Amino acid sequence: MVPEFAYLDARGVGAMEGKDVRSVSTLLSEIDSRNPDLRMEGGTDGTPNESVSDVFVRVRQLMSKLETQYFGDDIVIIAPDSDLLSVLECALVNEPLTNHRKFSYNPGEIRKISPVVVPRNSTPR
């Protein structure tokens, strides 16, 4: 187990924390598809309100740690939130982050991800 558990925290939804999961998911889908930098309204209880870009930063930090510690090994990531995994997969296959919802995971779903290699002289999407 890697001790960097904060990288695996569920996405913070701010003022929507504790609300109906379906309504929050629908609202997040709308926001995420418009712009990866948009956040839900902030809460008053200190719950973070993260954008897709915020989640991507955490995912990149996690991947950097894992690559440093376990280079060349197969890695299984167990996350409490589908957004962490869908953002990771979206980035690894070189899709725009606004499309991360098409990579959403069902509870308990397992996938093998093969990253796309982007040549250095090309511009990623």
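Trainee: Which residues make up the largest nonpolar core here?
Mentor: In this predicted model, the largest nonpolar core has seven residues: Val52, Val55, Val59, Leu84, Val87, Leu88 and Leu97. Helix 2 and helix 3 each put at least two residues into this core.

Trainee: And what other core lies apart from it?
Mentor: There's another one, of five residues, and Val13, Val24, Leu28 and Ile31 are among them.

Trainee: Back to Val55. What does it touch, leaving out residues up to four places away in sequence?
Mentor: On that count Val55 touches Arg11, Glu50, Asp83, Leu84 and Val87.

Trainee: OK, helix 3 then. Why is it largely enclosed by the rest of the structure?
Mentor: Because eight of its eleven residues (helix 3 runs over 82-92) are buried.

Trainee: Which ones are buried?
Mentor: Asp83, Leu84, Leu85, Ser86, Val87, Leu88, Glu89 and Cys90.

Trainee: What covers them?
Mentor: The cover includes helix 1 (21-34) and helix 2 (52-70).

Trainee: How about the ends of that helix: what caps the N-terminal one?
Mentor: Asp81 does, with a side-chain oxygen 2.7 Å from the backbone nitrogen of Asp83. Just after helix 3, Asn94 has a positive phi, about 65 degrees.

How values were computed: Residues numbered from 1 in each chain as written. Predicted model: local features only at pLDDT ≥ 70, side-chain atom pairs only at ≥ 80, totals over all residues. Heavy atoms only, no water. Buried < 20%, exposed > 50% of the residue type's maximum accessible area, 1.4 Å probe, protein only. Helix = DSSP H or I, 4+ residues; strand = E, 2+ residues; numbered from the N terminus. Contact = heavy atoms within 4.5 Å. Polar contact = N/O pair within 3.5 Å; in protein donor to acceptor, adjacent residues only side chain to side chain. Core = buried A, V, L, I, M, F, W, Y, C linked by side-chain atoms within 4.5 Å.
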